[in-house]
Amino acid sequence: MSSGAKVITAFIRETTTGVTPTSGKWDLLTRTSFGLKPTQNTSDNDEIGGSRMAQGKSLTTIDVGGDVGAKFRFGQHDAFLASCFGADWVNDKLTMGDGRINFSVATYASDIGIASIARGCQVASMQIELPADGDITATVTFAGLDFESKADGTKYNTEPVNNAGELRYDFKSVTGLKLAGVQGGDGFCVDSASITFDNNLQTQRCIGTGSGFAGANISTTFTPSGSITLSWSKAAWEIWKKSMTGETIPFEFTLQNAEGAYKFEFPAVQVDGDWPDGGNTDIIQVQLNITAANTPPTITRIPPVKPDDK
């Protein structure tokens, strides 16, 4: 029997896609859920044998991937954001690129001695939820190229280092939220929001390798999108109106606590949403879908100011 509290997760950036480095530092992945796993696909076997008994299933391709959920902390997701954007951070700034950043992601259940590793893991998409109450969460969707497991009491990784901040960002950490230049809390009240960065990843299969795993995962269009719920007001109506014209507007917000900040800037997003309604005891709100267009977003990482730097 195994306890979920005994399953440690770690990751390391790969130099060669699908090959786990033999040296280097593994990072601890603090998470709330772990869905990165292999899926053996099958198809019905339509052979007719000596009786009417079914002939079983045929094994086909193997998919490696899934969601990893976590609370958002300073430093926790920097590497995954870079993989999602296809570019490394430069001077604490991140914007869209064309590179491929892959990881080996390993788990170890110390109470039963079972280890696993997924290799060639690229971030297919990443979602950040800004709730009306509670902690800000991130869901990282991985797509991998290989998976292996063993039960001999040894790990695939060395002892991981925890580089994530101690503080969790929560709903009070959201500052400077502006839509079309209007500050949240002034022209309208922002109830909640979510952002998804999606690479629209496509899987390439390769015969002749003797393997059922994917040959490559290829990014196509980069689509940042999401939703934001506003109290219905004249300022909110002015923004909703743009859903009828296709005009783009800027959108930005910052996540900030004592350990550092991340500023998310979307120079141009298009909005769409239904005309709002409500009962006689409801606060009327409008939910707007937002989709970035033409100009990639930018994330700025702002480390805390040390006393010596002031």
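Colleague: Partly exposed denotes a relative accessible area between the limits of buried, under 20%, and exposed, over 50%. The model under discussion is predicted. By that scale, is Asn 200 buried, partly exposed or exposed?

Modeller: Asn 200 belongs to the loop that joins strand E13 (190-198) to strand E14 (202-204). Its phi is positive, about 45°, although the residue is not a glycine. With a relative accessible area of 27%, a value between the limits of 20% and 50%, Asn 200 is classed as partly exposed.

Colleague: Which class of accessibility does Asn 294 fall into?

Modeller: Most residues other than glycine have a negative phi. Asn 294, in the loop between strand E19 (285-292) and strand E20 (298-302), has a positive phi near 70°. Its relative accessibility is 78%, and the class above 50% is the one called exposed. Asn 294 therefore counts as exposed.

Colleague: Is helix H1 (residues 78-85) largely enclosed by the rest of the structure or largely open, and why?

Modeller: The buried residues of H1 are Asp 78, Phe 80, Leu 81, Ala 82, Ser 83, Cys 84 and Phe 85. The helix is followed by Gly 86, which has a positive phi near 75°. Because seven of the eight residues of H1 are buried, the helix is largely enclosed.

Colleague: How far apart in space are Trp 26 and Ile 12, C-alpha to C-alpha?

Modeller: Trp 26 sits in the loop between strand E1 (7-13) and strand E2 (27-28). It is buried, at 3% relative accessible area. Although 14 residues separate Trp 26 from Ile 12 in sequence, their C-alpha atoms are apart by 4.9 Å.

Colleague: Which residues of the largest nonpolar core touch the most other members?

Modeller: That core has 57 residues, and strand E8 (residues 114-130) gives the most to it, with six residues. Apart from it lies another core of eight residues, which includes Ala 10, Ile 12, Tyr 108 and Ile 117. In the largest core, the members that touch the most others are Phe 197 and Phe 251.

Colleague: What is the angle between the planes of Phe 253 and Phe 264?

Modeller: A pair of aromatic rings is described by the distance of the centres and the angle of the planes. Phe 253 and Phe 264 are both buried; the former lies in strand E17 and the latter in strand E18 (residues 260-272), so their pairing ties together parts 11 residues apart in sequence. The two rings also belong to one aromatic cluster with Phe 85, Phe 197, Phe 222, Phe 251 and Phe 266. The pair is stacked, with centres 4.7 Å apart and planes at 10°.

Colleague: Over the face of which residue does Arg 301 lie?

Modeller: Lys 150 lies over the face of Tyr 156, at 4.3 Å from the ring centre. For Arg 301, the distance to the ring centre is 4.3 Å, and the ring is that of Trp 89.

Methods: Residues numbered from 1 in each chain as written. Predicted model: local features only at pLDDT ≥ 70, side-chain atom pairs only at ≥ 80, totals over all residues. Heavy atoms only, no water. Buried < 20%, exposed > 50% of the residue type's maximum accessible area, 1.4 Å probe, protein only. Helix = DSSP H or I, 4+ residues; strand = E, 2+ residues; numbered from the N terminus. Core = buried A, V, L, I, M, F, W, Y, C linked by side-chain atoms within 4.5 Å. Phe/Tyr/Trp six-rings, centres within 6.5 Å; stacked < 30°, edge-to-face > 60°. Lys NZ or Arg CZ within 6 Å of the ring centre and 35° of its normal.
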